[in-house]
Amino acid sequence: MMIEPRGGISKRMQMAIPVIAAFVALALAALPLAFAGAPIFPAYWEMFNGVFGSMFSFTEMLTRATPLIFTGLAAALAFKARLWNIGAEGQLYLGAMGAVAVGTGLVDGPAILMIPLVMLAGAGAGAAGMLGPAILKTRFGADEVVTSLLLNFIILIFVQMMLEGPLKDPMSMGWPQSEPILDNAALPRLSDVLPSQITIMDRMRIHSGLIVALIAAVVAQIALSKTTWGFKIRAVGENAAAARHAGIGVNRTLLGVACISGALAGLAGVSEVAGLKGYLTTDLSPGYGYSGIVVAMLAGLSPIGVVIAALYVASVFVGADSMSRAMGVSSFLADLVVSLSLISVLVGGFFARYRIRFTGKAGSPS
Amino acid sequence: MMDLLQIFLNESFWVASLRIATPLIFGVLGALLCERAGVLNLGIEGIFVVGAMVGWMTVYAGAPLWIGVLAAAGGGALFGLLHAILTVPLGLSQHVSGLGITLFATSTASFLYRTILPDVSSPPRIKAFQPMDVPILSDIPFLGPVVFQQTAMTWLALIMVGVVWWVINRTPLGVAIQAVGDNPDAVNAQGLSVYKLRIGAVMAGSALMALGGAFLTMSAFDAFFFGMVNGRGWICIALVIFASWRPGKALLGALLFGMFDAFQVRLQTEAGAVIPSQIFLMAPYVLSIVALVFVARKAEYPRALLQPWFKGHR
């Protein structure tokens, strides 16, 4: 058996792999569905219907996709520079804490000032959360995978501490939750900003965080492909030694990417707390930081791809939730499909780059 | 001050230290074996969960405890095989593949647990390993209770330190595993299979990791909870660097960690009124990062760690 590199990957192939991987992962889900004793095709239909069956469920999916776009972008940009930021989950909570710290009454003003202020506070807190591991990497050579991962646990405990201390809502009857974000600091619901004929139901929770996420994706795409900064990121990621030789400040670039990546993950927290939940609790994120890694890989680290991959992952979560309620199958099925998608896209990437040739033993006629 | 001294003089502190260290000993040994062969295994956190769930479930279904231990190891080896296939013959990114294994293993274990036991509100219990009283030895003052009033799995962990040390340093297989992590071309030139050595090391290492998880549900506790691994796997990845990939130092690192954790729990009862309890909960993770920063510059990574090797490529 020989493994040979193919000449190169066509653009079309590059786009096809994640789509195939997504379908393979969904198809593989038939096994756990069968194990759980659910009728397979009705279960798939229930999943599909749970997302595309109504305008409401569709907007729920978009609401779920919003934080995933942010954390997906956070992972994609960092991975592009080969900076392994696995700490988006923690940075998300830092961002949420930053938003709550300034947005619950510390300062007050018109929405046009308060919203940017809350977003800046959250982005800053998130950036600080990744700057730490990046400095430990560039100054001391400490592996950022381990440090950013361990920080997730430290930050979550820190959030608990803050919610029992300075950030605690005195009116919460003992529940560990923060005070609510002020109305004029909250990201408005889309039903409040769009003309009323588009917004059919007022129960819809979809909020303007989605717009911010989409803008972030477009800006990231342009920055990555059209600016010198983007060029530096790609150069550092492809070959740090060569980039250093070419006079690119590798450490500076890494620290910069760390800040942007952390800030994006922080914005995921801002969007969840100021757009959706209204206050901070320790169960704000069901692992959006980790799912963001899957989103980024499915997207092939392309920012626009992140948007599409986030929609897919959010659909799996919302669809599986609905199927799980209807058929009594554990909603861990969603996590299973998402993790299988990651593994499938990795394997798919291999077969796009290499072909396996089966040859006879040396010396035997072939 | 006297109170602090009291903590160290109390034998229950040392019993707790060794108990807390046990899953980490398994985990660090497992990670060490994978990395010595050149493969970083970030699947460790998920493999812990698999070991915890499979070991517990096997015993819950009626099998004897040691069959549960074997089943856990087998489950770990299976996920190790998947990681090995992705990273060794396919040569995919060890970072991303490992994280994928962690997500996949965690969700598989959680899905299976929920599907087999859909309606349990409080986690069911098994009859877990009990501390064994060894006649005579347990009566040795101090050392007796600390070492011999542990469960059989702690002993197994200590034995595995010796086994892994012996295999790596004293057998031809160990020499080959080290070589494949340092210079796979040389191994290939000698006519040995780089693929087989790496895949085997990753599977064996993953089986050890799973035992760390099994200890949690079958010895430290007697039930399976979601989120019970709680970063222990990641701590092992930090400890293996701290231990410079040596089994003896791995034992030392895990023990120091166990002592620190046992100490902070006792300090918490002394100083809990003044310092928020969360400070103590954070301490183990902070300690791991600090330890990593101190040794990072001097760390001599296996030279071919993270580097894929393809047959027939130069």
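Begin by selecting the contact between the two chains of this predicted model: 39 residues of chain A and 36 residues of chain B take part in it. On the side of chain A that touches chain B, colour the contributing elements, each of which supplies at least two residues: strand 1 (2-5), helix 2 (30-35), helix 6 (111-140), helix 7 (144-164), helix 13 (288-298) and helix 15 (332-353). Colouring that side of chain A by residue class instead gives 31 nonpolar, six polar and two charged residues.

Helix 6 of chain A has 30 residues. From its first C-alpha to its last, the helix reaches 43 Å, close to the 44 Å expected at 1.5 Å a residue. Then select Gly141(A), which follows helix 6 of chain A and has a positive phi, near 75 degrees.

Finally, turn to a pair of helices within chain A: helix 9 (residues 209-226) and helix 12 (residues 250-277). How are helix 9 and helix 12 of chain A oriented to each other? Their axes lie 10 Å apart and the packing angle is about 165 degrees; angles over 145 degrees count as roughly antiparallel, and the two helices of chain A are therefore roughly antiparallel to each other. The crossing of helix 9 of chain A past helix 12 of chain A is right-handed. To display the contact, show Gly209(A), Val212(A), Ala213(A) and Ala216(A) on helix 9 of chain A, together with Leu264(A), Leu267(A), Ser271(A) and Gly275(A) on helix 12 of chain A. By class, this contact of helix 9 with helix 12 of chain A comprises five nonpolar, three polar and no charged residues.

Terms used: Residues numbered from 1 in each chain as written. Chains lettered and ligands numbered in written order. Predicted model: local features only at pLDDT ≥ 70, side-chain atom pairs only at ≥ 80, totals over all residues. Contact = placed C-beta atoms within 7 Å. Helix = DSSP H or I, 4+ residues; strand = E, 2+ residues; numbered from the N terminus. Nonpolar A, V, L, I, M, F, W, Y, C, P; charged D, E, K, R; others polar. Axes fitted to C-alpha atoms, helices over the stretch in contact; angles between N-to-C directions. Parallel < 35°, antiparallel > 145°, perpendicular 65-115°, else oblique. Left-handed = near helix turned anticlockwise from the far one by under 90°. Expected span 1.5 Å × (residues − 1).
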